[in-house]
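Dear colleague,

I am passing on to you the structure that we spoke about, and below it you will find my notes on what was found. Please read them with the model open beside you.

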Amino acid sequence: MLGPQLDLFVINDDIGKGLPLLTPKGTIIRNAILTYERKLEAEMGFSEVWTPNIAKSDIYKRTGHWDHYRDVMYAPFGIDNETYVLKPMNCPHHYMIYASRPRSYRDLPIRLSEPGTCYRYEKSGELGGLTRVRALTIDDSHILMREDQIHEEFDHCISMVRKMFAAFGLKDYFVRLSLNDPSDAVKYIADADTWKRAGETLETIIKDNELTYEAGRGEASFYGPKIDFMVRDAIGRLWQMSTLQLDLFMAKRLGLVYTDSDGKEKHPVILHRGLTGSIERTLGILIEHFAGAFPLWLAPVQVVIIPIAERHTEAARKAVESLRRAGIRTEADERNESMQSKIRDNTLQKVPYFGIIGDRETKDGTIAVRTRQGEDLKAMSLENFLIRIRNEIEHKL
Ligand SMILES: [Zn+2]
């Protein structure tokens, strides 16, 4: 297990099974992923919201989650005279933001997004590291739109998923088209025509986006068919990550409406989008995928400055300060150890760059740069070093 060795997260029995605690380094990576996702979302017109971790249990009865999803929900609890639950998903909270004001056909699509932490029961035997947990943050979005906007919105989401996988160096993936089982009237809200239409729409979108796919009957959500991205990581494990779900039922069920161009009230359709599905699980996948050697944009410590002797400490501290001011996550290794052992220890911690400072560097105002792969980039000015690493960060190399 690389996670604890790299000091990225902790599982503590006194806190509980399946409840990972992210350390400062783990939190840096989690935030780097979220920052990148927020940038993608801002480019594509999403609006971030924030919603609480609990809600009244009645809302889940109205959505149908109570009937279909209850085995993964935790026991209800009382506040005053009302019954609440920990949220197992963010959908109802987002619907109520939509419903809070009148909406016109011109307002659509409305794209609400939130990294929303949810709580789900997983059997204790299935809990492991970060990949199966009882508290997970879904990089969630709900797009409420007109039917004529479905194709374009799915296209946008697929292109976001593709960009994100490229940034993570995940190249091997295909999609599963999860459809309803028409004979299972208990699980699936009954309306054969709507199900058929929704399934066909998703199949067309998959083909137009030239995605490799396979279809599975009886794997859909109770409210609609979905496209799940199945991703193979560097060590050959297959993960279900992004999910794009088409929901043609829930708006009607909850009375969510907009006023169309003809003045009539209509129900929007909803796209449920999980970008990776779970931020914490993604961190767990990426730890092993990169074998701990995160690319520079994700690395918790990006540069370690190593003074060769005590007389170089001041120059080292100045370099750390300058790099930190430039937004680079930098530490100084001032331990009373040889340069070789400092390089070895920081290589084990998979730090991408080392900046070594000795007599010559102190005099010239430079740093001697080495990579964790052992490449010697020779002495350079801080400005030139910054140009190099900023480019690497910007392009997610
Ligand atoms: Zn949802």
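Before the metal site, a definition is needed: donors are N, O and S atoms within 2.8 Å of the metal (3.2 Å for Na, K and Ca), and because water is not among the atoms, sites may look incomplete. This is a predicted model, in which local features need pLDDT of at least 70 and side-chain atom pairs count only at pLDDT 80 or more, while totals for chains, interfaces and linings use all residues. Residues are numbered from 1 along each chain as its sequence is written, and side-chain values use heavy atoms, with hydrogens and water left out.

The zinc ion is coordinated by Cys91 through SG, His142 through NE2 and His272 through ND1, at 2.0 to 2.2 Å. Along the chain these donors follow the spacing C-x50-H-x129-H. Cysteine 91 in helix H5 (residues 91–98) and histidine 142 in strand E8 are 51 residues apart, so that this pair links distant parts of the chain; here helices (H or I, at least four residues) and strands (E, at least two) are DSSP runs, numbered from the N terminus.

Turning to the sheet, eight strands form an open sheet of mixed pairing in the order E3-E7-E8-E15-E12-E11-E9-E10, where two strands pair if DSSP finds at least two bridges between them. Strand E3 (47–48) and strand E10 (213–217) stand at the edges with a single partner strand each, so one side of each has no neighbour in the sheet. Strand E9 (residues 172–179) runs antiparallel to E11 and is joined to it by seven bridges, and arginine 176 has aspartate 228 in E11 as its bridge partner.

There are also pockets to look at, a pocket being, on a 1 Å grid over the protein atoms alone, an open set of points where a 1.4 Å probe fits, with protein on both sides within 12 Å along at least five of seven lines; lining residues have an atom within 4 Å of a point. The largest pocket has a volume of about 1100 Å³, a volume being the space filled by probe spheres set on the points, which are joined across faces, edges and corners. Of the 37 residues that line the largest pocket, Tyr69, Arg120, Lys226, Gln240 and Gln245 are the closest to its centre. The second largest pocket holds about 260 Å³ of space, and among its 17 lining residues the closest to the centre are Asn180, Pro182, Ala192, Trp195 and Lys196. Helix H7 (residues 192–208) gives the most to this second lining, with six residues.

With best wishes
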